[in-house]
Amino acid sequence: MSHKPRKNGTDGLGGGSLDYPNDVAVSTDILPYLLIVGKPYEYGLEDLTKAVGMASPPSQTNTFRLLLPSAIATNDSLTYESFSSLAGSAIENLAQGNLSEAGGDALNAAMEKIKGEVGLADKYAGIKGIMAGKVVKTKEQLLFKSPTLRSHSFTFNMFPRNTKDAKNIATIIYSLKTLAYPTTVSVGDGRDGEGGLGDKSNFVFPYTFSVNMVDGARSGIENGFPRIDEAFITSITTNLSGHGGRMGLNPDGSFQNVELSLTFQDRRLKDDSNIV
């Protein structure tokens with residue numbers, strides 16, 4: 001590669017967009033593509049940053065337009081934990097002094113729960129079960145805890161048609177990696193609120209990204225593409241032998257086929273109001 005793009009610079013990053021193919025946004029074929037926009041992590045409100053002596057986050061954005069990937073996947077996960085309504089009721093009665101309500105099986109379940117907290121449940125339950133030939137029915141239910149941070153994966157198969165495409169592919173990969181990694185800053189450089197003494201260094205959070213699908217031929221169609229407003233890139237995998245595992249070089253030395261896989265993870269949790 002003949003040049004290295006800079007964060008907040010004008011070399012492709014912030015000074016326009018990096019596209020694959022190079023005419024993806026202006027082609028008469030009206031090709032669908034992903035619009036990926038990176039921006040500096042917003043680490044605080046402007047008034048707050050001024051109050052603690054930190055510089056305001058730069059407003060420079062960096063844009064990538066990539067032909068629709070061959071694979072698009074979103075992982076929505078929700079976490080639950082098991083909960084025994086019997087034990088819970090017994091413990092509540094015990095806590096309130098209602099010993100009569102906590103008797104019998106409920107009391108046994110409560111004791112199992114209490115012993116579990118101190119690591120004795122397995123031994124106690126095992127001995128009791130052997131002697132009695134039975135165990136307490138716990139009446140377990142699922143208790144909702146929280147959604148997890150969603151992840152989104154995209155796999156792009158890139159075949160450069162010319163030297164410009166090849167250069168753009170190399171620059172796109174390098175640029176995405178640069179933005180996905182943190183910047184190391186010395187204490188006192190204006191971004192950490194320190195006075196500049198000492199030799200400590202900090203990581204400044206990497207860029208966050210929004211991802212949208214653009215399809216000029218079918219604008220306004222709800223096709224189920226996930227809502228990605230602000231996410232970090234958590235994984236970048238580059239396969240220079242491309243899809244199918246056959247490596248080859250073009251006359252200009254570029255790879256004939258590059259497979260790029262990107263994984264994004266939402267910065268914030270979603271609820272039912274903002275998942276799509």
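This report walks through a predicted model, looking at its open sheet, the helix packed on that sheet, and the core they share.

Residues are numbered from 1 along each chain as its sequence is written. In this predicted model, local features need pLDDT of at least 70 and side-chain atom pairs count only at pLDDT 80 or more, while totals for chains, interfaces and linings use all residues; side-chain values use heavy atoms, with hydrogens and water left out.

**The sheet**

Let's begin with the strands (DSSP E runs of at least two residues, numbered from the N terminus). Eight of them form an open sheet with mixed pairing, in the order β1-β3-β2-β10-β11-β12-β7-β4; two strands pair if DSSP finds at least two bridges between them. β1 and β4 stand at the edges with a single partner strand each, so one side of each is left without a neighbour in the sheet. On average, neighbouring strands are turned by 30° against each other, direction ignored; here axes are lines fitted to C-alpha atoms, for helices over the stretch in contact, and angles run from 0 to 180 degrees between N-to-C directions. Within the sheet, β2 and β3 pair in the antiparallel sense over six bridges, and V37 stands opposite T63 in β3.

| β1 | 17–20 |
| β4 | 71–75 |

**Helix α5**

Helices are DSSP H or I runs of at least four residues. α5 touches β1, β3, β7, β10, β11 and β12, and its direction makes about 125° with that of β1; contact means heavy atoms within 4.5 Å. T171 lies in this helix, which covers residues 163–180. At 3% relative accessibility, T171 counts as buried, that is, under 20% relative accessible area with a 1.4 Å probe and protein chains only. A polar atom of the T171 side chain lies 2.9 Å from the backbone oxygen of K167. Other buried residues of α5 include D165, N168 and L176.

**The core**

The largest nonpolar core has 26 residues, and among those touching the most other members are I36, F154, L176 and F264. Such a core is a set of buried Ala, Val, Leu, Ile, Met, Phe, Trp, Tyr and Cys residues joined through side-chain atoms within 4.5 Å. α5 gives the most to this core, with six residues. F154 touches residues including L34, P69, V211 and F264, not counting residues up to four places away in sequence.

**A cis bond**

Lastly, a cis peptide bond with omega of about -15° joins Y20 and P21. Most peptide bonds are trans. P21 has its place in the loop between β1 and β2.

How values were computed: Buried < 20%, exposed > 50% of the residue type's maximum accessible area, 1.4 Å probe, protein only. Polar contact = N/O pair within 3.5 Å; in protein donor to acceptor, adjacent residues only side chain to side chain.
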